[in-house]
Amino acid sequence: MTLRVLVAKVGLDGHDRGIKVVARTLRDAGMEVIYTGLFQTPESVATAAIDEDVDVIGLSMLSGAHLTLAPLVVKAMRDRGCVIPVVVGGIIPDRDVDELRQAGVAAVLGPGASAEMVVSCVLAVAGAGGEGDKA
Amino acid sequence: MGSTPRDEWLKRFTASRLRDIPFRTMSGIPLEPVYGTEESEYPGVWPFTRGPYASMYRNKLWTMRMFAGFGTAEDTNARFRDIIKAGGDGLSTAFDMPTLLGLDSDDPMSLGEVGRCGVAIDSISDMCDLFAGIDLSSISTSMTINSPAAPILAMFIAQAEDAGVPRKVLRGTLQNDILKEYQAQKEFVFPPRQSMRLVRDVIAYTTAEMPYWHSVSISGYHIREAGSTAAEELAFTLANGFAYVELAKEAGLEVDAFAPRLSFFFNAHIDFFEEIAKYRAARRLWAQWLRDRYGSTDERSQQLRFHAQTAGVSLTAQQVEVNVVRTAIEALAATLGGAQSLHTNSMDEALALPTERAARIALRTQQVIAHETNVAHVADPLGGSWFIEELTDEMQRRAEELLDTIRDMGSGSMLDGCIGGIEDNWFQSRIADSAFELERSLNNGERIVVGVSDFLEGNDEQADDLLRITREQEDRQRARLQSVRDGRDTAQVEELRRELSEVAADPSANLMPSLIRAARSRVTLGEMMSTLGAVFGRHVETPSI
């Protein structure tokens with residue numbers, strides 16, 4: 001079965017280099033990748049994830065708003081009675097990882113994560129083998 | 001006839017004022033201001049490949065312009081004062097994401113973003129606090145803002161004039177480069193053509209009213225950070241520059257009235273010689289196009305001047321101290337390449353905004369290059385190297401090929417080529433392709449990044465001391481904004497917004513005077529932008545990977 005992944009930019013952060021590289025990397029690893037485009041809200045991401053029936057949601061966050069916005073995406077999913085694992089990648093200091101995990105984020109990929117780590121992490125949180133984050 | 005490039009250079013050099021220091025090596029060997037042959041290129045002599053000025057850093061070192069902004073205006077004002085105290089000689093303002101997108105801090109979309117990536121500016125009250133106690137008649141100020149560049153400039157002018165500094169003496173730079181936002185940085189609000197009208201209004205207004213103001217800082221930095229190659233950075237940046245020249249000419253301005261106040265902003269990446277060649281090729285191409293294609297007769301229009309910033313994207317979260325070394329090498333490339341001003345990134349910026357200590361080390365890096373190494377004594381010291389000259393020519397050839405493509409996309413117009421290329425996702429796709437290729441080369445072992453692909457010992461050491469922007473800072477900013485809203489004449493605010501809307505609907509009118517009136521009456525940035533947005537519409541990018 002082909003894994004389906006939604007990659008999303010939430011909030012006002014326009015840095016889209018990382019998310020495009022990750023999207024292509026996952027596609028090259030044989031997954032189906034849907035990119036939301038910029039300036040999404042937690043609600044619009046949750047809706048898209050359900051409509052597209054994805055296995056994993058990937059959020060790319062480089063603006064420092066991750067502690068506010070990532071938990072809201074998790075909450076928006078829960079409010080819809082839906083459990084799809086959320087992976088957060090980007091400029092995430094180590095000290096914030098625990099708080100994100102406690103808020104229900106499945107895994108965190110920091111700066112410098114290799115292509116292999118990204119693929120492996122998505123497979124792991126989807127329950128399809130691979131390793132989650134090592135944070 | 002009979003006058004060689006060297007004679008031309010000497011004439012100009014002799015007329016320049018020099019810094020009062022001995023220009024010799026550490027061991028006492030006297031140094032010429034520049035080296036070359038009678039017929040070689042010279043700095044300050046067309047096409048300015050070797051530098052815009054004959055005397056370069058012998059006259060004046062580059063401006064050490066450190067980019068800063070976080071939290072509230074008061075927080076950033078304190079950092080600005082530290083920078084001035086530490087010997088920084090130009091200010092550069094980083095705005096937060098809501099401000100960059102023209103949203104107020106209490107907008108629902110601003111949640112979690114207020115004051116995080118830069119300073120939050122909602123109204124003229126914040127602008128006043130940002131520059132409190134700083135003499136704007138003596139220090140130059142750069143503002144990195146694009147979609148809301150015109151309203152932010154209006155607030156800046158209004159606060160300076162309220163503080164007794166007339167606009168005609170203000171010195172500084174407004175980034176105001178909207179084209180690269182659609183191509184790379186992605187902080188856009190209005191559709192491209194409507195945004196270009198705002199760019200035009202700023203160029204026209206500052207050309208008439210603010211003789212020391214740089215109306216556009218044409219920026220390759222973000223194009224490169226988004227993943228382009230050096231040649232793409234060079235070509236896309238120049239293409240955007242030519243588009244602004246065509247825009248202003250179409251608006252009826254004489255090229256030599258506004259082009260001397262256009263400036264550039266390039267990346268200083270880690271490939272040392274390629275960066276130096278890029279700056280040299282940029283100067284040569286700009287001079288050629290401005291004179292030969294756009295009919296400039298004033299050399300000041302043809303002299304490309306640029307700010308450089310070391311490559312944020314080259315920094316690693318692993319072994320952060322190593323970033324000091326990367327930044328130093330990149331800064332050296334910028335200075336050997338003849339930058340007029342420079343920002344050096346701080347070692348902790350792969351993780352967060354810099355701490356005060358990290359920012360100070362970054363500034364000290366420039367001071368070491370400027371004052372200890374003696375590299376600033378000789379202009380374009382690598383000029384004449386077979387390697388550098390050939391690499392410069394090759395950068396020029398590659399950029400010219402891309403420029404031809406863009407011009408063809410616009411059927412001969414760079415303005416239409418740039419806008420068409422944005423609408424067709426051409427720039428965006430090329431940049432994403434180059435970014436992916438670079439990442440692929442790292443993942444397959446072709447490219448080494450210390451601490452990321454190799455040499456990993458020490459990676460488990462954490463950077464302990466990072467700047468933290470608190471939720472309290474965000475709340476404080478929202479409270480500040482509320483008190484501005486509460487203290488205003490609401491009827492007047494509505495009247496000014498109506499006026500703004502009418503002027504926006506008339507494409508031949510200039511919006512700046514209405515924006516300045518609105519700023520003075522504390523109409524907020526979000527209010528100005530939503531008023532304009534109701535007339536201009538919104539830009540939505542078609543998502544593509």
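## Conventions

The expected span of a helix is 1.5 Å times one less than its number of residues. Helices (H or I, at least four residues) and strands (E, at least two) are DSSP runs, numbered from the N terminus.

This is a predicted model, in which local features need pLDDT of at least 70 and side-chain atom pairs count only at pLDDT 80 or more, while totals for chains, interfaces and linings use all residues. Residues are numbered from 1 along each chain as its sequence is written, and chains are lettered from A and ligands numbered from 1 in the order in which they are written.

## Overall form of chain B

Chain B contains 21 helices and nine strands. Its C-alpha trace spans about 70 × 60 × 50 Å along the principal axes. The radius of gyration, taken over C-alpha atoms, is compared with a globule rule of 2.2 Å times the number of residues to the power 0.38. For 545 residues a compact globule would have a value near 24 Å, and the 23 Å of chain B agrees.

A residue is buried if 20 or more other C-beta atoms lie within 10 Å of its own, exposed if 12 or fewer, and partly exposed in between, with C-beta atoms placed from the backbone. By this criterion, 54% of the 545 residues of chain B are buried.

## Helix α15 of chain B

Helix α15(B) covers residues 386–409; its 24 residues should span 34 Å, and the 35 Å between its end C-alpha atoms agrees. Its buried residues include Leu391(B), Met395(B), Ala399(B) and Leu403(B). The buried residues of this helix pack against α9 (230–250), α11 (272–292) and α16 (414–423) of chain B; contact here requires C-beta atoms, placed from the backbone, within 7 Å. Ser411(B), which follows α15(B), has a positive phi near 50 degrees.

## Contact between the chains

The contact takes 28 residues from chain A and 32 residues from chain B. On the chain B side, α17(B) provides the largest share, five residues.

## Backbone geometry

Most residues other than glycine have a negative phi, and most peptide bonds are trans. Asp380(B), in the loop between α14 (356–371) and α15 of chain B, has a positive phi of about 40 degrees. Asp380(B) counts as buried, with 24 C-beta neighbours inside 10 Å.

Phe39(A) also has a positive phi, near 60 degrees, but is partly exposed, with 19 other C-beta atoms within 10 Å. Trp46(B) and Pro47(B) are joined by a cis peptide bond with omega of about 5 degrees.

Key:
Two residues are in contact if their C-beta atoms, placed from the backbone, lie within 7 Å.
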